[in-house]
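Subject: Structure for your review

Dear colleague,

Please find below the structure that I wish to hand over to you. My findings follow it.

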Amino acid sequence: MILTALTAGTTTAVPGAEGGEGGFSPPTPDIFWLPVGGTFITEQMVWGGISVLILSVVMVALSKNAAVVPSKGQWMMEGFYNLARNGIARDMIGSKDFLRFAPLLFSLFSLILLNNWFGILPPVMNPTFGKIGFPIALTLVVYVVYHWIGFKKHGVKGYFAHMVPDGLPGWIRPAIFVLELITYFVTRPLTLALRLFGNMFAGHMLIVLFVSAGAYFLTQDVLFKLLSVPTFLMAAVMVVFEALVQFLQAYVFTLLSASYIAGALADDH
Amino acid sequence: MQFTDTASSVVSLAASEGPKMPLIPYIPELIFGFVMIGILYLVVSKKVVPNLEKAYEERRAAIEGGMEQAEEAQAQAQAALQQYEAQLHEARTEANAIREEARAEGASIVAEMRDKAQAEANRITESASRQIEAERQQALVSLRSEVGTMSTTLASRIVGESLEDEVRQKGIIDRFLADLESGTVRPEKVSAEATVAAPASSAGATEQGQLDLGTDGTAGRDA
């Protein structure tokens, strides 16, 4: 939570502040380290678990009595589901195979979206995916899935052969194969996980920076007190901006997952 | 080797006071990430998506079913229209056939009636002519006997004697009539005989009447 983060920030800042001018120290990655009590559990894990609970309960409730003529709740649920089902899965994978990947992609999208928005939702104020363990877990799931279906569809040899596009001159094929191999097995998972983590991490850092700076200015003299107003304003702008980025990152993660699955399923390049 | 050392030191660091390096995953969080997506995927794939997909399928079926029903109704209407038109056509043909038949029948009736009338007229004409012939014969016969009687009576009165002998009498009359028919008897001769035998006027009258009867009889036969 932000307050915890702030206290953590101020506790690290306080010793410097006691030293006089330049006492403010910007928030460090330590603000993401939030163990609950003395256990191995972190706040992110708690909120992640709560997000799964919320999503499960709400989505089951809204889709339980799904009918031909939708209720208002079902209609909203369908709109949310169709964003992942039609807007991502069907468009990327194609109408033949998309349906068996729709649950996975929809799970990814809803889980990432809610946890990202936790970063600006008042009781939480902490994006779960700002801790790299979570993006890595999701990325590994996607990684295993798209390689698994690729091997299943093309066979081990066929899958590797499938990575190199047809119609290339013979001498360039080994080089392209190496590049594609790196893309499939290193670049894609790495970027997928880091993109989500980096955006959440940096966004949260920025908001904490502005809020803690504004709070610090309030402890100083009048000029700084005035300066705290645009600082808090900037924090508010960042929150709005983050809302967009958080949605976008959830969308991009799901979209790229669908794209990788589609690439592994494709008959040719 | 060095890497594993670093990794183990990082993990031990993470376990003790949390990772200072944000790019090193905190292992409980990594594991819990799998748990989160696993549970959510189970719920979504077992409870949420099937329900929604079922609703989509039902909706699609309902829409297509409605369209099918509309098409069916249209086809039925089309079939009814065709049937109606066929019936109308049939009825028209039938009416024409009946009209033709009636016309033919009427013509045949007229022809038949004409034939019948013709036959009737012929029959009537024939029977009338036969009757006339019969009556003429009858008249001829009765006239012949009457003339015979009258002429005998007349002759007997003139001669003054009754020709009592039947055979002789008959023979005389027949011979006279035969002579009359064959034309051997000349009126002059008869009139001369008559003038000799009887007053001229009466003899002339008798002769005239016989000749008249003859012409009359021929005329009647001709008619």
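In what follows, two residues are in contact if their C-beta atoms, placed from the backbone, lie within 7 Å. By that criterion, residues 24 or more positions apart account for 64% of the contacts in chain A with a separation of 6 or more.

Please note that this is a predicted model, in which local features need pLDDT of at least 70 and side-chain atom pairs count only at pLDDT 80 or more, while totals for chains, interfaces and linings use all residues. Residues are numbered from 1 along each chain as its sequence is written, and chains are lettered from A and ligands numbered from 1 in the order in which they are written.

Overall architecture

Chain A has seven helices and zero strands, where helices (H or I, at least four residues) and strands (E, at least two) are DSSP runs numbered from the N terminus. Of its 269 residues, 39% count as buried. A residue is buried if 20 or more other C-beta atoms lie within 10 Å of its own, exposed if 12 or fewer, and partly exposed in between, with C-beta atoms placed from the backbone.

Helix H4 of chain A

H4(A) has 16 residues and spans 22 Å from its first C-alpha to its last, close to the expected 22 Å; the expected span is 1.5 Å times one less than the number of residues. Because 15 of its 16 residues are buried, H4(A) is largely enclosed by the rest of the structure.

Nonpolar cores

A nonpolar core is a set of buried Ala, Val, Leu, Ile, Met, Phe, Trp, Tyr and Cys residues joined through C-beta atoms within 7 Å. The largest core holds 61 residues, of which Ala89(A), Leu105(A), Leu108(A) and Ile112(A) touch the most other members. H2, H3, H4, H5, helix H6 (173-218) and helix H7 (222-265) of chain A, together with helix H2 (27-159) of chain B, each supply at least two residues of this core. Leaving aside residues up to four places away in sequence, Leu105(A) touches Ala84(A), Ile88(A), Ala89(A), Thr254(A), Ser257(A) and Ala258(A). A second, separate core of 12 residues includes Ile31(A), Phe32(A), Phe210(A) and Tyr216(A).

The interface

Across the interface, 39 residues of chain A are in contact with 29 residues of chain B. On the chain A side, helix H2 (43-64), helix H3 (72-93), helix H4 (102-117) and helix H5 (133-163) each supply at least two residues. The largest share, 11 residues, comes from H2(A).

Two individual residues

Met125(A) lies in the loop between H4 and H5 of chain A. Met125(A) has a positive phi of about 55° although it is not a glycine. Most residues other than glycine have a negative phi. Met125(A) counts as buried because it has 21 C-beta neighbours inside 10 Å.

Lys72(A), in helix H3 of chain A, is exposed, with 8 other C-beta atoms within 10 Å. Lys72(A) and Leu62(A) are 10 residues apart in sequence and 9.1 Å apart in space, C-alpha to C-alpha.

Database annotation

An unreviewed UniProt entry lists residues 23-44 of chain B as "transmembrane region"; UniProt positions are given in the numbering used here, feature names are shortened, and annotations may be inferred rather than shown by experiment. In the model, residues 23-44 of chain B are 82% helix and 0% strand, with end C-alpha atoms 30 Å apart.

Yours sincerely
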